[in-house]
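Trainee: Could you walk me through how to read a few features in a model like this one?

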Amino acid sequence: MENIRKDSGKEILLAMVKGIQENKAYLGEVDGLIGDGDHGMNMNKGFTLFENRFGTKEFSFAEGLDELGNILFSEIGGSMGPIYGTIFMDMATAGEEYEFIGVKELAHMLESGLHGLQEIVEAEVGDKTLVDTLSPAVMALKDAEEQGTSMKEALERMKIAAENGRDSTKNMVAKFGRSSRLGERSRGVLDAGATSCCILLDSMADAMIQLL
C-alpha cells in the first residue's frame with residue numbers, strides 16, 4: 001500500500017505525542033544551553049493535553065492536527081505554542097479533503113504548514129530555527145514525488161533531510177528568539193525548535209511507515 005488512510009490519524013498523532021514525551025528532558029537540555037530551558041516542558045504539556053483529551057477517540061489525520069494545533073496555539077507557554085499551532089492547523093486545512101495521504105498530499109500539507117509559519121515569523125533556512133528542519137523535509141518529499149518514489153522511500157528521505165537540517169543549526173548564529181541576543185555565542189548548539197521539529201517528523205514518518 002502506497003497511501004495512508006485519512007482515518008489513521010490516531011496512530012500517527014499519538015506517535016508524535018510519544019516522541020515529545022520521551023524527549024522532554026532532552027529538549028529542555030538543548031533549550032537551556034542558549035534559551036530559557038522550558039521548551040521540553042511546554043511541548044510536553046501541550047502534547048499530553050492532546051493525548052488526555054483525544055487519546056481514546058478516533059479522528060482523521062487532519063482532524064488530529066487541527067485539534068493538536070489549537071491546543072498548542074492557545075494553551076502552552078512560550079513562543080513555540082503559536083508557531084507549532086500555526087503549522088499544524090495550516091497542515092490540517094490543506095489536508096482536510098484528502099481521503100488518502102500519499103507523497104504528494106503529505107508534501108502539500110507540510111509545505112502549507114511551512115508557509116503558514118513564515119507568514120508569522122520571517123525566518124529562512126540558515127536562521128537557526130525549525131525552518132532549517134522543516135524546509136529540507138518538504139523539499140525531500142517534493143523531490144521524491146517528482147521522482148515517483150514509494151511512500152516508504154519518500155518518508156525515509158524526509159527523515160534524513162530533517163535530521164541533516166537539525167544538525168546544520170549547530171554551526172549557525174541565532175537570528176530569532178531569546179538566543180539571538182547571544183550573537184556568536186549561540187553558535188555550537190543545536191536549535192531547540194529544529195530539534196523538536198525533527199523528533200516530530202521522525203515520529204510521524206515512522207508511524208506512517210508502520211501503516212503502509
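Predicted model: local features only at pLDDT ≥ 70, side-chain atom pairs only at ≥ 80, totals over all residues.

Trainee: How many residues does helix α1 have, and what does it reach from its first C-alpha to its last?

Mentor: Helices are DSSP runs of H or I with at least four residues, strands are E runs of at least two, and both are numbered from the N terminus. The expected span of a helix is 1.5 Å times one less than its number of residues. Helix α1, residues 9–22, has 14 residues and reaches 20 Å, close to the 20 Å expected.

Trainee: Which residues of α1 are buried?

Mentor: Buried means under 20% relative accessible area, exposed over 50%, and partly exposed in between, with a 1.4 Å probe and protein chains only. In α1, the buried residues include I12, L13, M16, V17 and I20. Among the elements that the buried residues of α1 pack against are α3 (39–54) and α9 (192–211).

Trainee: Where is N42?

Mentor: N42 sits in helix α3 and is buried, at 9% relative accessible area. Contact means heavy atoms within 4.5 Å; not counting residues up to four places away in sequence, N42 touches I76, G77 and G78.

Trainee: How many disulfides does the structure hold?

Mentor: A disulfide is a pair of cysteine sulfur atoms within 2.5 Å, and the structure holds 0. For C197, the nearest cysteine sulfur is that of C198, 7.5 Å away. C197 counts as buried at 4% relative accessibility, and C198 does at 0%.

Conventions. Residues numbered from 1 in each chain as written. Heavy atoms only, no water.
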